[in-house]
Amino acid sequence: MNFLSKVTAIPKLPERIKGLKVLSKNMWWTWNYDSQKLFEIIDLDLWISTNRNPVVFLKNVSQKKLDSVLNDEEFLNLYDYVMKTFENYMNTDDTWFNKTHKNYKGGEIAYFCAEYGIHESLPIYSGGLGILAGDHVKSASDIGIPYIGVGFLYRQGYFQQKINNEGWQESIYESYDFADLAVDPAKDKNGEEVYVDIDIAGKKVFVKVWELKVGRVKVYLLDTDIPQNDPDERWLTSRLYGGDQEMRIRQEMLLGIAGVRALRKLDINPSVWHMNEGHAAFLNLERMRELIQSNNLTFKEAIEVVRAGSIFTTHTPVPAGNDAFPLYLMDKYFGNYWPTLKATRPEFMQLGLEARPDGSEMFSMTILALSLAGRANGVSKLHGEVSRNLWKHVWNGIEAVEVPITHVTNGVHSETWIADDLQKLFKEEFGENWNNEIDDPDMWAKIEKISDKELWEKHQKLKLKLINHLHERLKTQRSRHGETVEELESIEDILDPKALTIGFARRFATYKRAILIFRDLQRLEKILNNPERPVQIIFAGKAHPADKPGQEFIKRIYEISRMEQFKNRIVIVENYDMNLARHLVSGVDIWLNNPRRPHEASGTSGEKAGMNGAMNFSVLDGWWVEGYNKKNGWAIGDNRDYTDLELQDNIDSVSMYNTLEKEIVPMYYDNRKEDIPVNWIKVMKESIRSVASFFNTSRMVKEYTQKLYMPAQVQNNKFVKDNFEVAKDFANWRDILERNWNSIKIKVTSNQDFSETLEVGKIIEIESEIYLPGIGPDSIEPEIVVAKLEDDKVISLKTYDLKMIKEIQQDTYLYRGSFEIEDRGQYGYNVRVSASHPYMPHRNYLMNLVKYPM
Ligand SMILES: *Cc1c(COP(=O)(O)O)cnc(C)c1O
């Protein structure tokens, strides 16, 4: 038949429940399980088949189903309750931020990140970094910070993973229709859609800006897949971490440079700029360009302004993981950019220059970020320490313990990651407002009030839910492999809800050692197949498409899972995403994590598990060094690093088997009262209490606010006010110091002639003559540094003032001081001078201005 015309009809949302449309476009629903219930009641199958995407759901739901809930009183009550909760959430002034910073008058805090993991229906994340960013903005919304996010709207996102019948990973890229995602074109104040452009190696690239609402926070997402661009440029925002170095540098130019331009078009003028990982570091170049072009600042003045309000969070504890570009690429892509900074090529390159051991030079995004951010942090206590060692050469002249990279330990967004059933239980026990006190240890101490029976029943229910979910996933996977009906039916036998269940799911980067537990297959077989005390393990995770060894790990696990002796005890499920993660972290008994220490900067999946009562059984790396208290889970190996990797693997795997056999399995199966493992539940409760009260993003974002955002905001205000007077002063002072610094001479004139052993309590007097041409005594801080050594390594450091006695001749000053040896051991001491200025917010704010006697 010929048609006059074709039309697509979409359901008409009844007036009474029109709020569903609003909900569908604000990711708040992702951490409000009641609102998800609404979609489930309307059409559970559709909700699941749309991957829990309310935008697609509302386009595809049958009119009949929509109309029928209008007669369902229970539904309408829940609907009204959800809408009221949402409106209160969006409109309340009673937030932590408003209470804590009553008179805050600064601008927004802008957060730049290449990925955001907010929900599986918005596939613009690959792993931990993205999930952290998603959780960060959710909590920023919860606690009411004036926050803005900037990122990418990828056409294809990260890949969907399939595992074929040989165990190989296949990566499938789907193109998303943005009309199906919870985003809208961003609009400027005149209601016009927002586009910005950027010159990339001589080619003008146009960028469309999208808006994503995450509670009260807006995240602006950049997109080049628009008709104004040529195919090559349209491809730029198609994939997350796809492509080569040129793709990477162009994407990072977009994030940093076009990201700043997008905010300006939207009339957003942040006072604090947070770079989450080095990918975003170009943003400070663009801010410098603005200051130099519009405010007529010099290159050096602009540096001081951007540093004042910038924060950099590093996430990568291994040198190779840090982004760096060869200089020829910098020439190609920034050759016409640095002249707009009124900089010479060397001045520009210096900002990120990294000398490699092989003699080559690279432009490091981490060094660029450190040079242009006044404040920096790692993401766990141990990672802070690792980062200070990794980057101390950037400061030159100070010890790792003095490097001003602090740490804020990662957390997770509790309401996203704690299972609905447990949240209901917590609400009953802790009170209606429990979610406003999510980081309050006193509240979590009430966990003791929950009965063992109740907690265990909830946990068993979640485990069953997980196993059912896995069966569904396995059926899809294996029917694709062409398995017979009988084989597919036998999937129901895989995983026993009564057996001790271990989960292992994360990206399959090789340092995470997914196959470590298989080092001694016979010993493992005995553990898993004990008929009285069965144990089972669930694996999931994607390997980067370019990571062959990671893909081989997947294949190896797949093969083992198909061996007769392991076939119902070990499974690997494909396409790890946030949905699978939620099922796993709440449904398993034990969360296994065995990275090669110290490669795991923080890790967050174990935090999700721990707060659901799935106990951690992990290497003492990342967050777990801080989290482990001997009563809330188990440690693998010991608290140290190895240089012999084979030895490390052996020690860690043997430690794993021992602890499983001697502690974990017996505790799970023994001492049952009415089938409830009482000792086990003690550990569960301690896990929930200790992990949930601290390793949450509510605590984390408050810590960022107090330790980094607010001080940066104060400094930013100081540096920009009165037409940048302070910044200009400071830049001028720094310039004078840098030009004269090499001429400083330090001579120690006190008697050094004592034997090498001293008694504790001995006071050592130091006298020093310091020549300060063109600098003067007010710009420096002279001091005695005393380092406590262990195996010639500095383990701690103390400094003592040197007091100026007099000027002994032109520009030369006499200083005196003393120190006392306080404890036995080995010490080293010296005299040094470092730059000092009242506008410096912390010591070693400036790099390279430290001087020792020759
Ligand atoms: C939490 C999470 C991660 C991060 O896991 P780690 O074990 O910390 O690396 C990665 N992917 C998904 C889907 C997650 O939910």
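1. A quick word on annotation first: UniProt positions are given in the numbering used here, feature names are shortened, and annotations may be inferred rather than shown by experiment. With that in mind, the unreviewed UniProt entry puts "domain: DUF3417" at residues 13–122. Across residues 13–122 the chain is 55% helix and 4% strand, with the end C-alpha atoms 23 Å apart. Helices (H or I, at least four residues) and strands (E, at least two) are DSSP runs, numbered from the N terminus.

2. Bear in mind that this is a predicted model: local features need pLDDT of at least 70, side-chain atom pairs count only at pLDDT 80 or more, and totals for chains, interfaces and linings use all residues. Residues are numbered from 1 along each chain as its sequence is written, and side-chain values use heavy atoms, with hydrogens and water left out.

3. On the overall layout, the chain splits into domain 1 (15–91), domain 2 (110–410 + 702–725), domain 3 (446–690) and domain 4 (744–851); these bounds come from an automatic or database domain assignment. The centres of domain 2 and domain 4, taken over C-alpha atoms, are 39 Å apart. Even so, 19 residues of domain 2 are in contact with 14 residues of domain 4, contact being heavy atoms within 4.5 Å.

4. Now the ligand. Domain 2 and domain 3 both give residues to the shell around the ligand, so it lies between them. There are 14 residues around the ligand, and Lys512, Gly603, Thr604, Ser605 and Lys608 come nearest (a residue counts if one of its heavy atoms lies within 4 Å). The shell is made up of five nonpolar, five polar and four charged residues; Ala, Val, Leu, Ile, Met, Phe, Trp, Tyr, Cys and Pro count as nonpolar, Asp, Glu, Lys and Arg as charged, and the others, Gly among them, as polar.

5. Thr604 uses a backbone N or O atom, at 2.6 Å from an oxygen of the ligand.

6. One backbone detail to check: the peptide bond from Arg597 to Pro598 is cis, with omega near 0°. Pro598 sits in the loop between strand S19 (590–593) and H24.

How values were computed:
A polar contact is a pair of N or O atoms within 3.5 Å; within protein, one must be able to donate a hydrogen and the other to accept it, and residues adjacent in sequence count only if both atoms are side-chain atoms.
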